[in-house]
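Colleague: I would like to learn how to read strand pairing and salt bridges in a model. Can you take me through an example?

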Amino acid sequence: TSIPAEPLLVGVVYSGNGGGSAIFQLGNLSVSTFPGERIGNSGWTLSRISANGAVIERGGSQRSLSVGGAF
């Protein structure tokens, strides 16, 4: 089996103070994830979210994502 691609952030539901959830695209699946949860079977964990983006981590690496994948 191949390693899943990095999740694509497609939406954020941000309620302030770091609360809310993020919606990721994993291949042809969409998954809604709360901070601290694993993102589907990607091996990545949602670290935190903001009004327009999210930070994910895996194995000590962190990535800052914004909605749609643009920085």
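Modeller: We take the strands, then the charged contacts. Keep in mind that this is a predicted model.

Colleague: How many bridges join strand β4 to strand β5, and which way do the strands run?

Modeller: Two strands pair if DSSP finds at least two bridges between them. Here, five bridges join β4 (residues 45–50) to β5 (residues 53–58). The two run antiparallel. They form a hairpin with two residues between them.

Colleague: Which residue stands opposite Arg 48?

Modeller: Val 55 in β5. On the β6 side, Val 55 stands opposite Ser 64.

Colleague: How many bridges join β5 to β6?

Modeller: Six, and these strands also run antiparallel. Strand β6 covers residues 61–66. Again there is a hairpin with two residues between the strands. Look at Gly 59 in that turn: its phi is positive, about 55°.

Colleague: Now the charges. How many salt bridges does the structure hold?

Modeller: The test is a side-chain nitrogen of Lys or Arg within 4 Å of a carboxyl oxygen of Asp or Glu. The structure holds one such bridge. Arg 63 and Glu 6 form it, at 3.1 Å from N to O. The pair links distant parts of the chain, 57 residues apart. Arg 63 lies in strand β6, and Glu 6 in the segment before β1 (8–16).

Key: Residues numbered from 1 in each chain as written. Predicted model: local features only at pLDDT ≥ 70, side-chain atom pairs only at ≥ 80, totals over all residues. Heavy atoms only, no water. Helix = DSSP H or I, 4+ residues; strand = E, 2+ residues; numbered from the N terminus.
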